[in-house]
Amino acid sequence: MTTFFSNQDDPQKEWLRIKEDLTTLPEEIRAILCKDMEKIEALLQKGTKPNIDKAVALMQKEHCIDDLGVNASLWFCHISIVADFYCYQSEHCFSYTNRDDLEIALACIEKAINLKPKESDYYMQKARILFAFNRREEAYACQDQAIKISPHKATHYEEKGFNLYLEHRYEESIACLDKAIGINPREARYYYQKAKCFEWLKKEKEANFYFKKARFVGGENMDDVFLSLF
């Protein structure tokens, strides 16, 4: 069972922490989230832990009220915005290179994942941070989890393929890029990256084929895009 405070012994304390986080959000967002706050706080004081899977299902119904009498969309909106806020903080800290900021970035994205464990982009963000720490196997595991959650998201395969390329694991990179191409065959980057892999594998014929394919798909204005990739 998925619960909002699944790892918390004191839901009221956790709620107070979330309210503090919300003070950094725009006023109009806070107004939406705090609309039914007194009612939610009263439930949390009793130790109530709302079931998020149930809330999501209820959102699809006309009235969207859970068995505790709380608007299910409010629970879900709260979780989504707070989680996205943590992801934003993570991305902001990751833009710096010192270890302290990376530690903060990792802590933030882990909080986001705890709130929305089925958001594949969060796992990709965590993987980027783990690569920065040179925790490569953990990073690949995060990318694999993202792909498992969103198997039809081509950019996940592309990013994993690029990381493999940087480690000179060209055959594995090509396999990822093939997945990306299968999902979105109109993205020139995928063909270009695949061509670069074949180039390093000394397979000139295949490399030339995919360079031409990238040019054909991308058109005449792709030079700057290609140069930015490698």
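Predicted model: local features only at pLDDT ≥ 70, side-chain atom pairs only at ≥ 80, totals over all residues.
Residues are numbered from 1 along each chain as its sequence is written, and side-chain values use heavy atoms, with hydrogens and water left out. Local features need pLDDT of at least 70 and side-chain atom pairs count only at pLDDT 80 or more, while totals for chains, interfaces and linings use all residues.

Let me begin with helix α12, residues 204-218; helices here are DSSP runs of H or I, at least four residues, numbered from the N terminus. Its 15 residues reach 21 Å from first C-alpha to last, close to the 21 Å expected at 1.5 Å a residue, where the expected span is 1.5 Å times one less than the number of residues. Ala 207, Tyr 210 and Ala 214 of α12 are buried, meaning under 20% relative accessible area with a 1.4 Å probe, protein chains only. These three lie on the same side of α12, because they cover an arc of only 70 degrees around the axis, taken from the directions from the helix axis to the C-beta atoms. On the other side, Glu 204, Lys 205, Lys 212 and Phe 216 are exposed, that is, over 50%. Just after α12, Gly 219 takes a positive phi of about 80 degrees.

I turn now to the cores. A nonpolar core is a set of buried Ala, Val, Leu, Ile, Met, Phe, Trp, Tyr and Cys residues joined through side-chain atoms within 4.5 Å. The largest has 22 residues, and Ile 109, Tyr 122 and Phe 133 are among those with the most contacts inside it. Helices α5, α6, α7 and α8 each supply at least two residues of this core, and the largest share, seven residues, comes from α7. A second, separate core of 18 residues includes Tyr 157, Tyr 170, Tyr 190 and Ala 214.
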